[in-house]
Amino acid sequence: MDKVVVSVGGSVLIPGQDDASYIRRLADMIREVASEVQLAVVVGGGKAARQYVDLGRALGGSVDELDELGIGITRVNAKLLCVALGDIANTEIPVKAEECASMSQPGKVAVMGGTEPGHTTDAVSAMIAQAIGADRIVNASNVDAVFSADPRKDPNAKRYDRMTIHQLNDVVYHDHDAGKSSVFDPLGVSIAMKGRIDILMVNGRDLDELRNAILGKPIKGTFVDSHV
């Protein structure tokens, strides 16, 4: 049985677009594939986290304090997914990647949010993947692939169907700021590179695509090969 860690962006889980229906369908799909792969899921903060971070920044919060605000929201989002998953998921949200890894087992889904300041949920997903010896990380975001630049700002941005993990490392940002978003966190890339863990980038709102990525089937998004 393959082991898979899924990083679900908060902007995918709760963008304000028929969210309850999406979360219900996501939970149904996760329950279905949990009979075929061993799953752990890490949930991001999204728009709500950014709102709290912006408020905290306006009130003079430090970077660590702003991170803690965002982390709190990721854990609320993780709990929401656990509610939808029911008895297949954990009832308490882990606060460390190692705790989540120890909960991971066939037939159950271990779900968590963030851990500590400086670690994004992408990095947390890579930490769990390393701890359980995962075959792949699936990054479910609000974009459908990796681009050389933001395609909303650069019409000439190159879209990658496949790339090496070294190429991915070249396109991610390499500084940390609370609330900042990138295609994947550089710490997560580094962990995946060392652990030779492939990363699949997909549109998380496309549940057929997300299912294919989890099961290791061909995808329309970007396959990041860690073995070359």
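This talk walks through one predicted model, from its sheet to the helices packed on it.

Some ground rules. Residues are numbered from 1 along each chain as its sequence is written, and side-chain values use heavy atoms, with hydrogens and water left out. Because the model is predicted, local features need pLDDT of at least 70 and side-chain atom pairs count only at pLDDT 80 or more, while totals for chains, interfaces and linings use all residues.

Start with the sheet. It is open, has 7 strands and mixed pairing, and its order is S3-S2-S1-S4-S8-S9-S7. The edges are S3 and strand S7, residues 162-164, each pairing on one side only. On average, neighbouring strands here are turned by 20° against each other, direction ignored. Strands are DSSP runs of E, at least two residues; helices are runs of H or I, at least four; both are numbered from the N terminus. Two strands pair if DSSP finds at least two bridges between them.

H4 packs on this sheet, touching S2 and S3, and its direction makes about 150° with that of S3. Contact means heavy atoms within 4.5 Å. Axes are lines fitted to C-alpha atoms, for helices over the stretch in contact, and angles run from 0 to 180 degrees between N-to-C directions.

Now strand S2, residues 38-43. How many of its residues are buried? 6 of the 6, so S2 is largely enclosed by the rest of the structure. Buried means under 20% relative accessible area, exposed over 50%, partly exposed in between, with a 1.4 Å probe and protein chains only. Both faces of S2 are covered: Gln38, Ala40 and Val42 on one side, Leu39, Val41 and Val43 on the other.

Look at the neighbours of S2. Strand S1, residues 3-8, runs parallel to S2, with 6 bridges. Val6 stands opposite Val41. Strand S3, residues 109-112, also runs parallel to S2, joined by 4 bridges. There, Val42 partners Met112, and Ala40 partners Ala110.

S3 is an edge strand, yet both its faces are covered. Val109 and Val111 are buried on one side, Ala110 and Met112 on the other.

Further along the sheet, S4 (residues 136-141) and S8 (residues 198-203) run parallel, joined by 6 bridges. Ala140 has Val202 as its bridge partner.

Back to helix H4, residues 63-85. Its 23 residues should span 33 Å at 1.5 Å a residue, and the end C-alpha atoms are 33 Å apart, which agrees. The expected span is 1.5 Å times one less than the number of residues. Its buried residues include Leu66, Asp67, Ile73, Asn77 and Leu81. What do the buried residues of H4 pack against? H1 (10-13), H2 (19-33), S2, H3 (46-58), S3 and H6 (121-132). After H4 comes Gly86, with a positive phi near 70°.

Next, H6. This helix lies across S1, S2, S3 and S4, at about 170° to S1. Thr121 is found in H6. At 15% relative accessibility, Thr121 counts as buried. Leaving out residues up to four places away in sequence, Thr121 touches Ser7, Val42, Val43, Gly44, Thr74, Gly113 and Gly114.

Last, the rings. The charged end of Arg205 sits over the ring of Tyr22, 4.1 Å from its centre. The cut-offs are NZ of Lys or CZ of Arg within 6 Å of the ring centre and within 35 degrees of the ring normal.
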